[in-house]
Amino acid sequence: MTAKLEIKSLGKRFARNEALRDVNLSLAENEFVSLVGVSGCGKSTLLSIVAGLLDYEAGDILVDGAPMEGPGLDRGVVFQSYTLLPWLTARGNVEFALRAAGYKTKECREIAEKHLALVRLSKFMDAYPHELSGGMKQRVAIARALSYRPKVLLMDEPFGALDAMTRHEMQLLLTSVWEAHKLTVLFVTHDVEEAVYLSDRIVAMTLGPGRIKAEFKVDLPRPRPASIIATSEFQALQQQVLATIREDIVAEEV
Amino acid sequence: MPQSKLSVARRALFTTGGTIGRRSFLAISCGVFLLLFILWWAATTSGLVPALFLPSPGSVWAKLAALSADGTLWGDVGISSYRIVAGFLIASVMAVPIGVLIGSYRFWEAALEPLADFIRYMPVVAFLPLTILWTGTGDIQKFLIIWIGTFFQQILMVMDNVKRVPRDFIGLGRTLGLSEFQLQMKIVVPSALPGIWDTLRITFGWAWTWLVVAELVAANSGLGYRITVSQRYFQTDVTIGYILILGVLGLVSDQVMKALERVLFPYAKGQR
């Protein structure tokens, strides 16, 4: 089976700073992979490159076997900032993406409503972004990114700006959506618990220059209830990933 | 206790970032107008200030009423309004697209931003003799002065409005596969529009100044022209009356544009 997303010996520089060196990563179909690491390790840079929003100097990126050429509809992106267009309603924001993807007006409406229902926002379809909470806005953004069926979903710390309670709710929601609809996801986060809960595999990055340090397979059963966090397997893995990242924090402080 | 509540409310008016009710706001702002009016009235009726320097409210009102009755006032307001609307529209129609280009594309920024910065520091008043030489003393010269005074400021302010469009909005448009033109029309311009409207509102206020300056120097009609004529005959009642009219026209146009902003961009409330 070919990989849905393949990153081969990727290198990236910002002026004199080497941001990424020899990054190799491949995502199988319907695999949920999280990138974790301390700030500055290049995990968001890597995601932006895969999204086609940043240039890179070395390496190759293949989406579904084909070389990636700039941004495109085969990769959906959910940004950390709520990128809802303020002059459109929740439904309008999803329809905006669908129209860009070439769907007909009638289809747009149907698909938008279906996806807003999926993130449990049927009652807020006609609300404007300024009338929605942070969590609701991000749910619209997820519905929007899912609606046009990208091959890969890229998420850049999507819950980073939310409070702890909402964040937890969003993780449950994302898991249930993912378990029901299976999709290849590359998820950037600095929250290890979040990474363990959501992922099939966790990739820990390190800095100076940014590169992959270790990979962890998450063998927890699915569907994953919220209570799984309290199990010893979960906690053990979480500690293991944390320890790997902590080495970088200590190294930085010295 | 109700008493302590009252003191909190009263203190809020003099606390950094305090809040105020709509009624209190109106009462205070109208009070200041009224106070100034009473001062004006007292200073003139008591004879403290000679009528030649500062005529009384009554005589200014009488003069304005007379000029209104014989149509002079309305003629002046009409011609000046025509000039400012036309001049301002010419400047804005040119400035908005150019400002969007400068704000979006580094080529246009490098080509035009330093130039606009250079020109906007040239005093508009210094162009008066040149504009008269180039275009005579007709309406075109008024348009030209308004244009010089507002266009170069507008393009820089619109550029700034466009640069404030969140980077992720543009990233979103790109990931949706929008073309460069679609990105501009569907994301950049709508996103910057409330800010651009604000820019237009602010620069419209400046345009009034440039219009009157142009009419003071060379014109045979309009509000500024009437002020110059009144000065020639020491008719300070006309001068003061017309200055007040200009203030009212400015205030009204500003309020109209603010009200339109609330209608056109209801979603922008509290975002900027």
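How many helices and strands does chain A have? Chain A has seven helices and ten strands; helices (H or I, at least four residues) and strands (E, at least two) are DSSP runs, numbered from the N terminus.

Figure 1. Along its principal axes, the C-alpha trace spans about 55 × 45 × 35 Å. Of the 254 residues, 44% count as buried; a residue is buried if 20 or more other C-beta atoms, placed from the backbone, lie within 10 Å of its own. Residues are numbered from 1 along each chain as its sequence is written, and chains are lettered from A and ligands numbered from 1 in the order in which they are written. Because the model is predicted, local features need pLDDT of at least 70 and side-chain atom pairs count only at pLDDT 80 or more, whereas totals for chains, interfaces and linings use all residues.

**Figure 2. The open sheet of four strands in chain A.** The strands stand in the order β2-β1-β4-β5, with antiparallel pairing; two strands pair if DSSP finds at least two bridges between them. At the edges are β2 (17–27) and β5 (66–67), each with a single partner strand, so one side of each is left without a neighbour in the sheet. Strand β1 (residues 5–14) is joined to strand β4 (residues 58–63) by five bridges, and A:Glu6 has A:Leu62 in β4(A) as its bridge partner. Helix α1 (residues 43–51) of chain A packs on this sheet and touches β1, β2 and β4, its direction making about 115° with that of β1(A). Contact requires C-beta atoms, placed from the backbone, to lie within 7 Å, and angles run from 0 to 180 degrees between N-to-C directions of axes, which are lines fitted to C-alpha atoms, for helices over the stretch in contact.

**Figure 3. The open sheet of six strands in chain A.** Here the order is β6-β7-β8-β3-β9-β10, and the pairing is mixed. The edge strands β6 (75–78) and β10 (211–217) each have a single partner strand, so one side of each is left without a neighbour in the sheet. On average, neighbouring strands of this sheet are turned by 20° against each other, direction ignored. Helix α4 (residues 134–147) of chain A packs on the sheet, touching β6 and β7 (152–156), and its direction makes about 175° with that of β6(A).

**Figure 4. Strand β3 of chain A and its parallel partners.** Strand β3 (residues 32–36) pairs over four bridges with strand β8 (residues 184–188) and over four bridges with strand β9 (residues 201–206). A:Leu35 stands opposite A:Val188 in β8(A), and its bridge partner in β9(A) is A:Val203. Five of the five residues of β3(A) are buried, so the strand is largely enclosed by the rest of the structure. A:Phe32, A:Ser34 and A:Val36 point one way from β3(A), while A:Val33 and A:Leu35 point the other way.

**Figure 5. The two domains of chain A.** Domain 1 (5–74 + 150–253) and domain 2 (86–149) divide the chain, with bounds from an automatic or database domain assignment. Their centres, taken over C-alpha atoms, are separated by 25 Å. Twelve residues from domain 1 and ten residues from domain 2 take part in the contact.

Key:
Buried ≥ 20, exposed ≤ 12 C-beta atoms within 10 Å, placed from the backbone. Contact = placed C-beta atoms within 7 Å.
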